[in-house]
Amino acid sequence: MNELLSMHDVHVRFQIAAGTVRAVNGVSLGLAVGETLGLVGESGCGKSTLGKAILKLVPVASGKISIEGTDVAPLAGAALAEMRRKVQMIFQDPYGSLNPRSTVARSVAQPLLIAGWKSDAAAARVDTLLGWVGLPADAKQRFPHEFSGGQRQRIGIARALALNPRLIICDEPVSSLDVSVRAQVINLLEDLKARFGVSYLFISHDLSIVEHIADRVAVMYLGYIVEVGARDHIWRNPLHPYTKALLEAAPIANPRLARARKRTVLQGELPSAIDPPAGCPFHSRCPIAEERCKTDKPQLRTMSNGAQVACHFV
Amino acid sequence: MAAAPPTTLEVTGLSTTLFTRGGELKAVDGLSLAVDKGETVALVGESGCGKSLTALSIMRLLPDPPARIVAGAVRLGGRDLVALSERAMLEVRGREIGMIFQDPLSSLNPVATIGRQIAEVLTAHTGLGRTRARDRSLELLEQVGMPDAARRLDAYPHQLSGGMCQRVMIAMAIACNPSVLIADEPTTALDVTVQAQVLTLLKRLQAEQHMAIIFITHDLGVVAETARRVVVMYAGRKVEEADVDDLFERPLHPYTAGLIAATPVPGAERARRLADIPGTVPPLGSLPAGCAFADRCPRVMPRCRREKPQLTSPAPGRLVACFAAEKVPG
């Protein structure tokens with residue numbers, strides 16, 4: 001496997017007045033060239049923080065993150081800029097991530113100019129990029145507020161593509177979009193992948209979208225990876241009780257299937273990451289938890305089909 | 001044969017207009033819907049389709065200016081709510097119709113304990129004294145499944161999670177046993193596991209109290225899980241209405257069909273591409289002369305651009321506003 005991104009035992013902690021938030025706890029994950037890795041979990045599980053840690057947008061407390069074999073921790077100056085050229089990010093709220101006072105042309109050209117492109121070369125590149133993401137040519141001179149949410153997300157994607165990245169971290173890219181427009185943006189992301197071979201780390205709480213787009217899926221809970229596996233493994237044969245609960249909780253857009261299925265509704269809510277439970281992070285809500293789960297932390301173990309699960313009873 | 005019992009809440013020909021400097025925008029245009037005791041009707045559509053303004057119109061909570069009800073009636077218990085005085089409406093809200101909103105944290109008073117906020121509903125609408133109201137608030141919190149309810153009575157909203165705040169909102173909404181509950185995107189801001197808890201709770205409360213529920217959502221998965229009947233809105237108008245199974249199995253309006261196709265069903269074979277609906281919803285200020293969906297519609301005909309399709313009933317229990325659907329045989 002040609003590894004583009006590798007993370008080994010990554011921890012991220014934040015000091016706040018109330019204590020230490022353990023946002024990411026010992027995450028080890030790899031992402032191959034051309035792969036789409038889905039990262040799912042509920043709010044506060046650390047999935048966005050992990051995405052930001054890759055770009056050094058939040059400090060990593062310990063562990064190692066490498067892009068194409070290069071450790072990102074010591075990077076600074078030109079080397080850091082080069083890494084950030086290879087790894088781009090698109091955000092949930094495209095309005096919040098575009099300067100409201102910059103025209104689309106200026107926003108999309110900015111990464112090019114920072115990378116040292118001449119302004120006429122950058123302008124030509126902007127035309128190409130806007131064409132790729134399906135925006136009309138007259139979009140260039142307009143401002144973000146003149147566009148709908150879906151079009152703004154296209155602007156964000158054009159900007160992320162500007163410097164031919166190898167990896168795009170998509171942080172809930174369609175969560176604020178309407179259903180019909182959401183499908184347009186997902187299809188665009190897939191077209192761009194087929195065309196340019198870019199890889200995605202696709203962070204989302206929406207399981208139906210991740211099922212559609214991801215090749216492999218990692219499930220996070222309270223800063224820990226509890227299960228990783230191929231898309232079909234996760235949906236057909238989920239092993240971790242949290243993965244099962246998450247899939248059972250997701251609504252099914254088919255009334256007969258929705259009525260026919262059996263579901264156990266998970267009780268309680270996500271515990272605080274400041275004072276996480278000892279033992280298995282999931283034991284306080286787990287339907288099959290036993291005494292040992294309160295004290296022994298289960299490690300990720302590799303199953304015969306290559307999936308990894310952190311549970312004592314699998 | 002005795003006449004059918006009157007429906008609990010009936011909205012007929014409701015039109016709400018936004019009077020702006022740029023002109024008059026028909027945000028809700030001639031909408032009718034009815035919801036019965038113990039039944040859930042889902043009101044579905046994308047942002048700006050008028051579903052939330054419909055709810056606010058029923059509750060008479062429209063921001064005026066710019067929004068005003070210009071036509072139609074809302075019948076509840078033999079009265080037309082549109083014609084009621086503001087004073088009489090105060091008695092309807094919270095007592096006969098409860099409402100829950102998408103963002104529970106911003107709908108709760110940040111500087112009052114939740115016990116006080118629930119008790120306020122009770123003292124305002126019933127003769128309950130303060131001590132009895134507090135006891136009843138605790139019962140309500142327990143009924144909506146608030147963990148550690150007795151302690152939470154004295155908590156402030158910011159000390160609770162989003163899911164718990166939504167339970168508080170539900171407790172307030174059902175405090176006076178309303179006959180109608182309007183839920184406006186009540187689970188959109190919640191995580192899936194908490195969403196499942198809240199949907200289960202609403203179903204249980206409906207079974208216990210036989211409330212009629214109007215459930216406003218953009219999420220077809222939530223519709224499939226909760227509703228018996230579905231009203232689909234587009235650009236202020238009802239474009240389709242049907243029982244939930246019929247709607248998902250054989251959507252008649254191309255917009256409904258597009259929405260269903262664009263929503264992946266978990267566990268289904270993976271489609272190579274998601275079906276999308278091209279373009280975006282037209283702004284209310286520049287709706288086309290004919291059908292508002294014409295520019296995005298795969299079955300558009302010349303007639304669609306000239307004339308607005310009216311609702312017709314091609315089969316029992318079904319309504320659709322589409323010239324192409326009228327032609328479908330059977």
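# Briefing on chains A and B

Chain B contains 13 helices and eleven strands. Its radius of gyration is 21 Å, close to the 20 Å that the globule rule gives for 330 residues, so chain B is as compact as a globular protein of that length. The model is a predicted one.

**Overall build of chain B**

- Along the principal axes, the C-alpha atoms of chain B fill a box of roughly 65 × 55 × 50 Å.
- Chain B has 330 residues, and 48% of them count as buried.
- Taking contacts in chain B between residues at least 6 apart in sequence, 62% join residues at least 24 apart.

**The eight-stranded sheet of chain A**

- In chain A, eight strands make an open sheet with mixed pairing, in the order S6-S7-S8-S3-S9-S10-S12-S11.
- Its edge strands are S6 (87–90) and S11 (301–302) of chain A, each of which pairs on one side only.
- S6(A) runs parallel to strand S7 (residues 167–171) of chain A, and four bridges link this pair.
- Within this pairing, A:Val87 has A:Leu167 in S7(A) as its bridge partner.
- In general, the strands of a sheet pair through backbone hydrogen bonds, either parallel or antiparallel.

**Antiparallel strands in chain B**

- Strand S1 (residues 9–20) and strand S4 (residues 67–76) of chain B run antiparallel and are joined by eight bridges.
- One pair of bridge partners here is B:Val11 and, in S4(B), B:Val74.
- S4(B) also runs antiparallel to strand S5 (residues 79–80) of chain B, with two bridges between them.
- Across this second pairing, B:Arg75 stands opposite B:Asp80 in S5(B).
- S4(B) and S5(B) form a hairpin with two residues between the strands, where B:Gly77 takes a positive phi near 55°.

**The nonpolar core**

- The largest nonpolar core has 203 residues.
- The residues with the most contacts inside this core are A:Leu201 and A:Phe202 from chain A, and B:Ala171, B:Ile182 and B:Val230 from chain B.
- Helix H7 (residues 162–174) of chain B supplies the largest share of the core, nine residues.
- Leaving aside residues up to four places away in sequence, B:Val230 touches B:Ala42, B:Val44, B:Val223, B:Glu241, B:Ala242, B:Val244 and B:Leu247.

Methods
Residues are numbered from 1 along each chain as its sequence is written. Chains are lettered from A and ligands numbered from 1 in the order in which they are written. This is a predicted model: local features need pLDDT of at least 70, side-chain atom pairs count only at pLDDT 80 or more; totals for chains, interfaces and linings use all residues. The radius of gyration is taken over C-alpha atoms; the globule rule is 2.2 Å times the number of residues to the power 0.38. A residue is buried if 20 or more other C-beta atoms lie within 10 Å of its own, exposed if 12 or fewer, and partly exposed in between; C-beta atoms are placed from the backbone. Two residues are in contact if their C-beta atoms, placed from the backbone, lie within 7 Å. Two strands pair if DSSP finds at least two bridges between them. A nonpolar core is a set of buried Ala, Val, Leu, Ile, Met, Phe, Trp, Tyr and Cys residues joined through C-beta atoms within 7 Å.
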